[in-house]
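Please read this briefing alongside the sequence and the model. It goes topic by topic.

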Amino acid sequence: MFCTVCLAYSKASESNAFTDGMNDWKHVHQRIEEHESSKHHCRSVEAHIMSSNDKDGYSLLFSNQKNVRAAQVKEKRQVLERVIEIVKLIGKRGLSYRSINDAAYCLDNVNIDHGNFLEILILLSKFDPLMKNHLDIVMEKSKQRHVTCAASGTKGRGGLVTFISSTTVNYVIESARRMIKASIADEIQRKGSMLDCNPIC
Ligand SMILES: [Zn+2]
């Protein structure tokens, strides 16, 4: 007989009859009672309760980090939702997405035509604090990178994930294209099978 709580939460150095396998069947009730009141078992039960309530050592140390990370992921997802909706709107109206002036470091320059996609993002950010915060961060990082690249004579975004680049827009367009294609194929198959079922008059 084993105690699952002790097996899961006791230290390897602290073995007892119920982690090794208790086989004193003649006095089984007495052995269980002894084990349940032992320090060893109580410590394991305590560890189990703390772990269930997210109060074990790992959670106490890293729960804050986990919460911060979860909040960041949620925020990025909300930004992406807005980007997808803008891409859908531009696609529906059959407009162009970008202009030649699509660098993030000059997003605050109102005299430049940033293209439909970025112009809608900028407009949205005037009323949407989440988008404004995201664009401010992206613009700041892009400015820093622009200065560094200009000083070193190098080019490129260098792995800066912004969700507003042509790469993201292309990903969204490609996903939409696949979904539309799959939907059309389904529709054709469905209509084809309906025709097969109808007898020829
Ligand atoms: Zn136990």
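Predicted model: local features only at pLDDT ≥ 70, side-chain atom pairs only at ≥ 80, totals over all residues.

Residues are numbered from 1 along each chain as its sequence is written, and side-chain values use heavy atoms, with hydrogens and water left out.

A zinc ion is held by Cys-3, Cys-6, His-35 and His-41. The structure also holds 11 salt bridges. The second largest pocket has a volume of about 280 Å³.

**Zinc site**

- The donor atoms are SG of Cys-3, SG of Cys-6, NE2 of His-35 and ND1 of His-41, at 2.0 to 2.3 Å from the zinc ion.
- Donors are N, O and S atoms within 2.8 Å of the metal (3.2 Å for Na, K and Ca); water is not among the atoms, so sites may look incomplete.
- The arrangement is tetrahedral because the 4 donor atoms subtend angles of 101 to 117° around the zinc ion.
- Four donors count as tetrahedral if all angles lie between 85 and 135 degrees.
- Along the sequence, the donor residues of the zinc ion follow the spacing C-x2-C-x28-H-x5-H.
- Cys-3 sits in the segment before helix H1 (4–9) and His-41 in helix H4 (residues 39–52), so this pair ties together parts that are 38 residues apart in sequence.
- Helices (H or I, at least four residues) are DSSP runs, numbered from the N terminus.
- Cys-3 counts as buried, at 9% relative accessibility.
- His-41 counts as buried too, at 11% relative accessibility.
- Buried means under 20% relative accessible area, exposed over 50%, and partly exposed in between (1.4 Å probe, protein chains only).

**Second largest pocket**

- The lining of the second largest pocket has 15 residues, with Leu-107, Asp-108, Ile-122, Ser-125 and Lys-126 nearest its centre.
- Helix H6 (115–125) and helix H7 (129–152) are the elements that give two or more residues to this lining.
- By type, the lining residues of the second largest pocket are 7 nonpolar, 3 polar and 5 charged.
- Here Ala, Val, Leu, Ile, Met, Phe, Trp, Tyr, Cys and Pro count as nonpolar, Asp, Glu, Lys and Arg as charged, and the others, Gly among them, as polar.
- A pocket is an open set of points on a 1 Å grid over the protein atoms alone, where a 1.4 Å probe fits, with protein on both sides within 12 Å along at least five of seven lines; lining residues have an atom within 4 Å of a point.
- The volume is the space filled by probe spheres set on the points, with grid points joined across faces, edges and corners.

**Salt bridges**

- A salt bridge is a side-chain nitrogen of Lys or Arg within 4 Å of a carboxyl oxygen of Asp or Glu.
- Lys-143 and Asp-108 form a salt bridge, with their closest N and O atoms 2.9 Å apart.
- This pair links distant parts of the chain, with Lys-143 in helix H7 and Asp-108 in the loop between helix H5 (57–93) and H6, 35 residues apart.
- Lys-143 is partly exposed at 30% relative accessibility, and Asp-108 is partly exposed at 44%.
- Arg-31 meets Asp-24 in a salt bridge of 2.9 Å, N to O.
- Arg-31 is partly exposed at 26% relative accessibility, as is Asp-24 at 23%.
- Glu-187 and Lys-191 pair through their side chains at 3.4 Å, N to O.
- Both Glu-187 and Lys-191 lie in helix H8 (residues 166–197), 4 residues apart, about one turn of the helix.
- Glu-187 is partly exposed with a relative accessible area of 35%, and Lys-191 is partly exposed at 47%.

**Single residues**

- Phe-163 has a positive phi of about 65°, although it is not a glycine.
- Most residues other than glycine have a negative phi.
- Phe-163 lies in the loop between H7 and H8 and counts as buried at 17% relative accessibility.
- Gln-78 lies in helix H5 and is partly exposed at 27% relative accessibility.
- Gln-78 and Leu-130 are 52 residues apart in sequence and 8.2 Å apart in space, C-alpha to C-alpha.

Conventions: Tetrahedral: all angles 85-135°; square planar, octahedral: opposite > 155°, others 65-115°.
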